[in-house]
Amino acid sequence: MSSTSQKHRNFVAEPMADKPVTALAGVGDVLGGRLEEKGFDKAYVVLGQFLVLKKDEELFLDWMKEACGANSKQAKDCANCLKEWCDSFL
Amino acid sequence: MASAQLTDEELFSELKRLGFIAGPVTEHTRPVYLKKLKKLREEHLEQQRGSLRQSKTQTKTRSAALNNNSTSPSGANSRPAGSRPARPGRKSAVLGFSSDESDAEAPQKRKGLNHGAKANKGSGLSPGGGNPTFASPRSVSLSWANRAKTSATEEDGANDESGEEDDCDGDQGQVKSRSLNGSRTSHLGAIKPKQIGDYSDSDEEEGAGGNGRPSPPQDPGQPRRVLNRASYTFKEVRPSGPDMVSLGTYSNHSRSVGQRRPGPDEELLQQFRREGETASSGRFSAHYLSMCLLTAACLFFLTLGFMYLRMRGASESDTAGEDGARTGLGRGSDGARTGLGRGSDGARTGLGRGSDGARTGQTFSSVALCVKRLICCSNLITFTSLCVCLFVFLCVCVGAAVVGGAWGVVCYVKFHWRREEEETRRMYDMVERIIDVLRSHSEACQENQELQPFLPIPHVRDSLVQPQDRKKMKKVWDRAVKFLSANESRIRTETQLIGGADFLVWRWIQPSLGDKNTLSCSKVWQGKAFPLDRRNSPPNSLTPCLKIRNMFDPVMEVGENWDLAIHEAILEKCSDNNGIVHIAVDKNSREGCVYVKCLSAEHSGKAFKALHGSWFDGKLVTVKYLRLDRYHQRFPQAQNCTTPLHSARLHSASTCSS
C-alpha cells in the first residue's frame with residue numbers, strides 16, 4: 001500500500017470545484033504552467049481528458065507525458081489522484 | 001503509413017479491430033490513440049512473427065552464408081523467402097493504411113513500414129507502457145531491422161516513412177539519409193549494423209548538437225539510451241558518421257555481427273545468444289574457480305609428499321642435527337608436533353570409515369614425521385620448516401574440523417530422525433487412546449441419556465495424560481489433536497458451552513445403525529420464518545424446477561438413506577401439491593441443495609410457497625427457480641418423469657416411473 005501525498009489527500013477529500021490544475025497530485029508549477037498553455041487551466045479539464053480516455057491509466061499516462069512532459073511518477077500520481085476522485089465523487 | 005490521413009473514425013475502427021475499444025478521438029486524444037494503435041500493431045505482428053519464426057530461421061541460415069558478400073538480389077530473394085509466409089497476414093493488417101504506398105514490392109514494404117512506424121512509435125511509447133526495459137530493445141531492434149529492410153527495398157527513399165513520424169521530426173531526415181545510403185549499397189546484411197551504428201552515432205551527435213535535431217521529450221531519449229547499451233559491439237567497430245558507404249566496412253560489420261543474416265528475428269536471437277553467453281560465461285568462471293581451488297589443494301599435498309620423500313633421502317646424512325636449534329625450537333615444535341599428532345589422530349578416527357581416511361591419515365603422519373625431520377635439520381631450514389609446519393598444522397586442523405563437522409552433522413541428522421519416529425509413534429498411541437475414550441463415552445451416553453454426547457478436549461487430555469507428564473507430552477498431544485481433526489471422521493470438533501464457559505469439545509459420531517437414524521433424527525418441518533410476500537419471492541412462478549437450499553448439512557448426515565428422508569420430508573410438506581415428479585438430493589453440496597421438478601410452473605409455484613422460508617431440522621430453507629433446460633442437463637432422467645410423487649408415509653402407493 002503506497003503512501004499518498006498530502007496533495008493527493010487534499011484533492012480527493014472534496015469535490016474539485018474550480019481548483020487550478022496545480023492542485024492535482026503530481027502537478028507542480030512547471031507542469032501546471034505547461035498544461036495551462038495547452039488549455040488545461042483547471043483541474044476539471046484534466047479530469048475531462050481522463051474521462052475521455054475512458055479512465056484508462058496507461059493512456060492517460062501517455063497523454064500526460066506528451067502534453068506536459070511529466071515523468072512516470074508525476075503522471076502516475078496524477079492518474080491515481082483522478083482515479084480516486086472519480087471513485088469517490090463520480 | 002500516413003497517420004495524418006486517418007480520420008478519427010478510421011482510427012477508432014482500426015483500434016477496435018485490434019481489440020481495443022477506444023474513447024472518443026479528439027484533438028487531444030488523437031496522438032495517444034495513434035501511439036496505441038502502433039503499439040497494438042507491433043504486438044500483432046510480433047505474435048504473427050513468433051509463430052513463423054521456426055520456418056524463417058531455416059531459410060535465414062541458408063541465406064546467411066550467401067549474404068555476406070552477395071548482392072542485393074540474393075539478399076532480397078532470401079528475405080522474401082523468409083517473409084513470404086508472413087505476408088498474407090500482414091496484408092490484412094495494413095489495409096487501412098495503404099493509401100500512400102508507392103513502392104513496387106508493396107507487401108514487403110508495408111511490412112517494413114509497419115515495423116518501422118510501429119517501432120518508432122513504440123520507442124516513444126514503450127517507456128510509458130508495459131515493460132520498457134524489455135520492450136524497447138526489442139522494438140528498437142525491430143526498428144533497426146525494418147529501417148534496413150525499408151531502405152534496402154526502397155530505391156527512391158523512404159518518403160512514405162515521413163508521414164508516420166509526426167512527433168520525431170528529426171528522425172525523418174536521418175532515416176531518409178540513412179535509407180538512401182543503405183540503398184546505394186543495397187547490402188542487406190551490412191545495412192543493419194551500419195544503421196545501428198548510425199543510431200548510436202546519432203545519439204552521440206545529438207549530445208554534441210551535431211544534428212541540430214530538436215531535442216524530443218524524454219521518451220525517445222530513453223530507448224536510445226537502451227539502444228546505446230544494446231549496440232555495444234556495433235559501436236566499437238563503427239568508425240564514424242553516417243556517410244560510410246564502403247562495402248568493406250559493411251562486410252566487416254556483418255562479420256562482426258556474427259556471419260548471420262540480420263533479420264529482426266536474427267537480431268533478437270543474437271541478443272538472446274549474447275545474453276546466454278554472458279550468463280554461461282559467468283557460470284563457467286565460477287566452475288573454473290572451483291576447479292582452480294581443487295587443483296591448488298591437490299598440488300599442495302603432492303608437493304608435501306615430494307618434500308617428504310626428498311627429506312627422507314636427505315635425512316640420513318643430517319641426523320647429527322643441531323641440538324641447540326632443536327631445544328630452542330623445542331617448545332614450538334613440540335606444540336606443533338603434538339598438534340599435528342592430535343590433528344592426524346583426529347582425522348584418522350574421523351575418517352576411520354572411509355578408505356580415504358587411512359590414506360590421508362598416513363599422509364598426515366608422514367607429513368608430521370617429515371616436519372620433525374625438518375626441524376632436526378640445519379638452522380636455515382628450521383625457520384622455513386617452522387613456517388611450513390605451522391602452515392601444515394593449520395591445514396590439518398581445518399581438514400579435521402571439516403571432517404569432524406560432517407560427521408557431527410550426519411550423527412545429528414540420524415538422531416533427529418530417530419526422535420521424529422519416536423514422537424510419531426507416541427502421537428498415534430495417543431490418538432488411539434482418545435478414540436477409545438470417546439467411543440466408550442458415547443456408548444455410555446447412549447445408555448445414560450443424561451450425559452452430554454461430547455467431551456471437552458482439555459478434560460480428555462487431563463484424564464489420559466498424567467499430571468507429571470503433561471508438559472512433556474504437550475507436543476504429542478497437540479499433534480494428536482490436529483491429527484484427529486484432520487483425519488478422523490468419527491470425531492467432530494465443536495465448541496460448546498459447558499458450565500458457562502466455552503470449550504472445544506469432541507463429539508463422537510456414531511456410525512449409523514440403519515433405521516435408528518431415521519427415527520431419532522428430527523427431520524421435521526418446524527414452521528415458517530417469514531410470510532412470503534412480494535419482496536422475498538417472485539410474484540409468479542417462473543419455471544417448473546426448483547432448487548431448494550439448506551435442507552441438510554452433508555458432513556453431518558449419517559446413514560445411507562438420509563436422502564430418502566429428505567425426499568419424504570419434501571413430499572410431506574407439499575402433500576397437497578400433486579405435481580412433484582422428480583426430486584434429487586445433491587449429497588455432496590455444501591449448501592444442502594435439493595432439486596425438485598414439478599409438472600408445471602403452477603405446481604412449482606405452490607411448492608415454492610410451501611417450502612421457501614420454512615424451518616427444517618433447525619435450518620432455514622430457501623428456494624429458487626431453475627431453468628428447465630439446465631435441470632434436464634443435470635438430471636436427464638427427470639425428463640421422462642411425469643407421474644407425481646407422493647410421500648411414502650401419507651400415501652401407501654408412491655410411484656415414480658422414470
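Predicted model: local features only at pLDDT ≥ 70, side-chain atom pairs only at ≥ 80, totals over all residues.
Residues are numbered from 1 along each chain as its sequence is written, and chains are lettered from A and ligands numbered from 1 in the order in which they are written.

Visitor: At what angle do the axes of helix H2 and helix H4 of chain A cross?
Guide: Helices are DSSP runs of H or I with at least four residues, numbered from the N terminus. Axes are lines fitted to C-alpha atoms, for helices over the stretch in contact, with angles from 0 to 180 degrees between N-to-C directions. The axes of H2(A), residues 29-37, and H4(A), residues 57-68, come within 9 Å and cross at roughly 85°. Because 65 to 115 degrees counts as roughly perpendicular, H2(A) is to H4(A) roughly perpendicular.

Visitor: How many salt bridges are counted between chain B and chain A?
Guide: A salt bridge is a side-chain nitrogen of Lys or Arg within 4 Å of a carboxyl oxygen of Asp or Glu. The side chains of Glu66(A) and Lys35(B) meet in a salt bridge at 3.8 Å, N to O. Between chain B and chain A the count is three.

Visitor: Why are Arg425(B) and Glu422(B) separated by about one helical turn?
Guide: The side chains of Arg425(B) and Glu422(B) meet in a salt bridge at 2.8 Å, N to O. Both belong to helix H17 of chain B, residues 379-447, and they are about one helical turn apart because their separation is three residues.

Visitor: How far apart are the end C-alpha atoms of residues 380-410 of chain B?
Guide: An unreviewed UniProt entry lists residues 380-410 of chain B under "transmembrane region"; such annotations may be inferred rather than shown by experiment. This span is 100% helix and 0% strand, and its end C-alpha atoms are apart by 46 Å.

Note on methods. Heavy atoms only, no water. Helix = DSSP H or I, 4+ residues; strand = E, 2+ residues; numbered from the N terminus. Parallel < 35°, antiparallel > 145°, perpendicular 65-115°, else oblique.
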